[in-house]
Amino acid sequence: ESTQLFYGRGDFGRERIHTFVAGKTPSPTTMSPTHSPQPSVATYAIEVTIKLDSYSSQTGWSIAYEDGGTIVDRQPGFYSGNDSLTFVESVMLAPGEYQFSLFDKNGD
């Protein structure tokens, strides 16, 4: 199952931010502690697809924790020389809230 966060033609100004949730945050339990091996931490693959226009050097994006700590940073200039191409990147995230930011250096 996937959710599309953005779709547009670059008409979002210089920056657009969207908050999203990766997985579901587990509810606290009140059960007695057990002597089991360390619990596994689930991670979720977040796929970012960026279709660049003829000004690829102006486009960038990032994923950050809700408090602002950056996880992935693709600032404008990262895709220079890749006009009109599409890039797909997968980012593994633990359950929780994150911010996806999309950048256009010239705001056009």
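Select Ser 56 first: its side chain reaches the backbone oxygen of Tyr 79 at 3.1 Å. That is a polar contact, meaning a pair of N or O atoms within 3.5 Å; within protein, one must be able to donate a hydrogen and the other to accept it, and residues adjacent in sequence count only if both atoms are side-chain atoms. This is a predicted model, in which local features need pLDDT of at least 70 and side-chain atom pairs count only at pLDDT 80 or more, while totals for chains, interfaces and linings use all residues. Residues are numbered from 1 along each chain as its sequence is written, and side-chain values use heavy atoms, with hydrogens and water left out.

**Stop 1: around Ser 56**

Stay on Ser 56. Its side chain also makes a polar contact with the side chain of Asp 83, at 2.5 Å. Ser 56 sits in the loop between S2 and S3. Strands here are DSSP runs of E, at least two residues long; helices are runs of H or I, at least four; both are numbered from the N terminus. Now show the neighbours. Leaving aside residues up to four places away in sequence, Ser 56 touches Tyr 79, Ser 80, Gly 81, Asn 82 and Asp 83. Contact means heavy atoms within 4.5 Å. Is Ser 56 buried or exposed? It counts as buried, at 0% relative accessibility. The classes are buried under 20% relative accessible area, exposed over 50% and partly exposed in between, with a 1.4 Å probe and protein chains only.

**Stop 2: the whole fold**

Zoom out and colour by secondary structure. The protein has 0 helices and 6 strands. From the N terminus the order is β-β-β-β-β-β. Of the contacts with a separation of 6 or more, 74% join residues 24 or more positions apart. Buried residues make up 26% of the 108 residues.

**Stop 3: the core**

Select Phe 20, Ile 50, Trp 61, Ile 63, Leu 93 and Phe 100. Within the largest nonpolar core, of 15 residues, these touch the most other members. Such a core is a set of buried Ala, Val, Leu, Ile, Met, Phe, Trp, Tyr and Cys residues joined through side-chain atoms within 4.5 Å. Which strands each supply at least two residues of this core? They are S1 (15-22), S2 (44-51), S3 (59-65), S5 (86-93) and S6 (96-104).

**Stop 4: the aromatic rings**

The whole structure holds 5 aromatic pairs. Rings of Phe, Tyr and Trp (its six-membered ring) pair if their centres lie within 6.5 Å; planes under 30 degrees apart are stacked, over 60 edge-to-face, the rest tilted. Pick Trp 61 and Phe 100: they are stacked, 5.9 Å centre to centre with 25 degrees between the planes. Trp 61 lies in S3 and Phe 100 in S6, so the pair ties together parts 39 residues apart in sequence. Both Trp 61 and Phe 100 are buried.

Next, take Tyr 79 and Phe 87. Their ring centres are 5.0 Å apart and their planes at 45 degrees, so this pair is tilted. Tyr 79 is buried at 2% relative accessibility; Phe 87 is partly exposed at 26%. Finally, Phe 20, Tyr 65 and Tyr 98 form one aromatic cluster.

**Stop 5: confidence**

Colour by pLDDT, the predictor's confidence in each residue, from 0 to 100. The average is 83, and 74% of the residues score at least 70.
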